Amino acid sequence: MFDMETLKQWVDAKLVRYVDYALVKWMKNEEPELADSVLPLLMSVSYSASLGQVCVDLQQWLNTPESYLGAFEGEDELSVELFNALHAWAADQTLSSVLNALLDSKVVASDFDSLAVQATPFVLVQRNGAALLYLRRYWQAEQTIVAGISQRLSRATSVSEDDIRELLGALFQEESEHTPDWQKIACGIAASNHFSIITGGPGTGKTTTVLKLLALLQGQRLKHQLPPLAIRLAAPTGKAAARLNESIAANLARLELPELGGIQPAELKQIIPTQVTTLHRLLRPKPNSRQFAHNKANPLVADIVVVDEASMIDIEMMASLFDGIEPDTRVILLGDKDQLASVEAGYVLGDLCRGAAEGKYTSHTAAWVQDVCHQAIPQTYIDDKGSTLNQVVCMLRHSYRFVEGGVIHQLASLVNQETEQEKLPLLKKIFAQSVLEAPNAPALRHLYQEQLPHTELTKEVRDLLVAGYGEYLDRVAEIPPLAAKEEAFDVWGKRVLEWHVSFQLLVAMRRGEWGLEGMNHRIEQLLLASGKLQSVAGLWYLGRPVMVTQNDYSVDLMNGDVGISLLYPVNGELKQRVIFSDGKGGVRWVLPSRLQSVETVFAMTVHKSQGSEFTHTAMLLPSQSSPILTKELIYTGITRSKKHFTLISGSQSVLEEAMNRKVERSSGLSLYIG
């Protein structure tokens with residue numbers, strides 16, 4: 001039924017990529033007796049990696065095979081025929097028959113067969129009623145993560161309960177207005193474990209919490225006259241690293257540390273690092289390779305590794321982290337579990353934080369927290385069936401950025417809810433409330449934009465974009481005179497960068513008239529017509545905002561770094577240069593010719609916005625339904641906003657659907673860690 005000729009038609013229908021078909025064709029040539037009935041499943045496993053899936057849940061595949069395949073429109077006779085044939089075949093199968101067919105082949109091995117899994121391209125995992133089929137590389141990556149976390153969960157801490165109790169009391173002297181004090185609980189839990197996760201939405205104090213945690217751990221060392229711990233701070237992208245670098249430095253400067261056992265605050269602050277690097281730079285990538293210099297044979301020397309924005313880390317990068325550090329290195333992950341999953345395969349932080357909202361702390365953990373942290377975990381968060389992993393995950397539950405109950409907080413909470421109730425009426429109510437609270441400058445606005453081909457932007461949307469980007473472009477126009485000192489250009493450039501983050505349009509899609517490419521062109525022409533841009537002739541016109549799209553170590557710029565095309569004095573002439581933040585409060589100027597991988601970012605994808613904050617964020621949602629549109633995507637867009645958020649959409653039904661669609665990525669992490 002599924003011969004190679006039929007499967008080639010799947011490529012034509014865009015159900016899979018040609019590379020997925022080529023893989024199965026090669027396996028069929030190598031093993032002619034490979035049953036035709038398993039070929040579409042193997043091809044789906046290969047393709048699903050491009051959807052971010054680590055593996056395929058076989059029962060789910062039999063129920064809804066299209067969830068692991070490409071966008072299936074069913075617009076022509078061939079597509080309809082393929083779709084119906086696939087569903088008819090899947091309906092006639094049982095999980096048992098599929099498992100038998102897979103294990104009868106030479107290309108699939110059970111994970112219980114430790115020798116065979118080293119030689120087969122696919123691995124089958126059967127545990128706790130689940131049956132998952134992996135490409136071997138992803139199974140191996142998952143096993144590395146499982147081993148790294150399990151080792152640390154079983155390792156006893158060297159910090160005594162008495163020390164934790166004493167130092168927590170000194171660091172959290174003031175009673176929190178919010179009960180319980182989750183920051184204090186998170187510090188205590190993380191201090192007593194070699195692996196921990198501190199999760200929470202924007203503004204919940206993750207940075208402040210980790211600084212107090214590092215103060216506690218370093219203070220304990222100094223108290224016992226031991227050498228300070230070697231601590232490394234990292235983030236997935238250059239932009240996230242730069243933002244954390246600035247945040248850590250600013251928060252540490254403001255943080256009022258007490259005298260800890262005779263240790264002066266200034267002495268303690270000196271041994272808390274503020275330098276943040278990317279994970280790639282931390283592990284030192286080998287040229288022209290997916291491998292890193294730091295690995296099991298050459299581990300990174302560090303007592304503690306703290307990683308922020310962990311939601312952005314894919315499964316292979318997380319595996320590389322655990323593979324590249326020593327077994328006794330303490331690992332602390334920070335991030336918002338509700339943000340978008342990584343672009344590449346995996347949903348690692350989300351998988352590890354399953355149950356975080358419910359707490360799932362055992363009575364034993366609750367008693368420990370009461371004794372050591374002097375905090376009472378509410379009964380609703382106690383569950384004696386909670387796993388070992390649940391005990392080391394702490395969710396910060398109060399936002400200090402958004403006023404509790406404020407409209408942005410309400411909107412983000414509504415979108416993040418999992419409920420059968422329709423969200424659209426509640427969303428409209430929140431937007432209306434925002435207008436009532438501040439009619440002249442509401443924190444929330446909802447604009448309608450029809451998105452048919454060649455449709456013009458509405459006047460409201462045009463005005464929004466011109467006013468939003470006009471603020472930084474007005475500063476671009478304030479070019480210092482040629483005779484001014486270089487320092488004056490640095491001050492000017494820094495001011496432009498600061499104003500640039502006052503507004504940002506986010507889009508869900510990359511391609512198309514209403515995606516990244518189309519909207520960047522529209523905005524360029526709009527700003528040119530309004531006089532905010534003087535010219536868009538040439539690639540490096542004055543004021544062009546760009547984002548680095550690949551790590552470039554030759555110019556020390558990382559994926560996600562944002563710069564602005566400006567002018568800079570060189571040998572008595574103003575020359576084009578691109579200004580970037582140096583991540584230390586200063587700026588750096590780069591020759592445009594040295595920037596090999598950049599794109600214009602008047603419009604920025606929601607994925608690329610992770611790790612950023614803007615005073616005013618606008619988000620354009622497409623009017624056509626797409627699997628990309630999920631509640632995580634909308635939540636991520638909303639929570640990039642500091643003060644104002646504008647939603648631009650063209651279909652109420654698509655918006656409602658998106659707010660109720662959850663990112664679903666299959667994984668076996670929860671089967672192994674418990």
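The largest cavity has a volume of about 30 Å³, in what is a predicted model, where local features need pLDDT of at least 70, side-chain atom pairs count only at pLDDT 80 or more, and totals for chains, interfaces and linings use all residues. Residues are numbered from 1 along each chain as its sequence is written, and side-chain values use heavy atoms, with hydrogens and water left out. Rolling a probe the size of a water molecule over the atoms shows where empty space is left. A cavity is here a set of points, on a 1 Å grid over the protein atoms alone, where a 1.4 Å probe fits but cannot get out, and its lining residues have an atom within 4 Å of a point. Grid points are joined across faces, edges and corners, and the volume is the space filled by probe spheres set on the points. A search of the whole structure finds one cavity of 30 Å³ or more.

The lining of the largest cavity consists of Val45, Ser48, Ala49, Gln53, Val54, Cys55, Val56, Leu135 and Tyr138. Helix H3 (39-48) and strand S1 (55-57) are the elements that give two or more residues to this lining; helices (H or I, at least four residues) and strands (E, at least two) are DSSP runs, numbered from the N terminus. By type, the lining residues divide into seven nonpolar, two polar and no charged. In this count Ala, Val, Leu, Ile, Met, Phe, Trp, Tyr, Cys and Pro are nonpolar, Asp, Glu, Lys and Arg are charged, and the others, Gly among them, are polar.

Helix H16 (363-373) can be read in the same way. Its buried residues are Thr365, Ala366, Trp368, Val369, Val372 and Cys373. Seen down the axis of H16, they fall within an arc of 160° and therefore line one face of the helix. Helix H8 (161-171) and helix H9 (182-191) are among the elements that cover them. Ser363, which lies in H16, is partly exposed at 37% relative accessibility. Apart from residues up to four places away in sequence, Ser363 touches Ile382 and Asp384. Between Ser363 and Ser670 there are 307 residues in sequence and 21 Å in space, C-alpha to C-alpha.

Lys360, in the loop between helix H15 (348-352) and H16, has a positive phi near 55° and is partly exposed at 27% relative accessibility. After the helix comes His374, whose phi is also positive, near 55°. Most residues other than glycine have a negative phi, and most peptide bonds are trans. Gln375 is in the loop between H16 and strand S10 (393-396) and counts as buried at 11% relative accessibility.

UniProt, in an unreviewed entry, places the feature "binding site" at Gly200, Gly201, Pro202, Gly203, Thr204, Gly205, Lys206 and Thr207; the positions are given in the numbering used here, the feature name is shortened, and annotations may be inferred rather than shown by experiment. Gly200 belongs to strand S5 (residues 195-200) and is buried, with a relative accessible area of 2%. Not counting residues up to four places away in sequence, Gly200 touches Lys206, Gly335, Asp336 and Leu396. Gly205 lies in the loop between S5 and helix H10 (206-223) and is buried at 17%. Beyond neighbours within four places in sequence, Gly205 is in contact with Gln183 and Leu396.

Asp336 is also a contact of Ser311. Ser311 lies in the loop between strand S8 (304-307) and helix H14 (315-323) and is buried, with a relative accessible area of 7%.

Definitions and conventions. Buried < 20%, exposed > 50% of the residue type's maximum accessible area, 1.4 Å probe, protein only. Contact = heavy atoms within 4.5 Å. 1 Å grid on protein atoms, 1.4 Å probe; cavity = no way out; pocket = protein on both sides within 12 Å on 5 of 7 lines; lining within 4 Å. Arc of directions from axis to C-beta.
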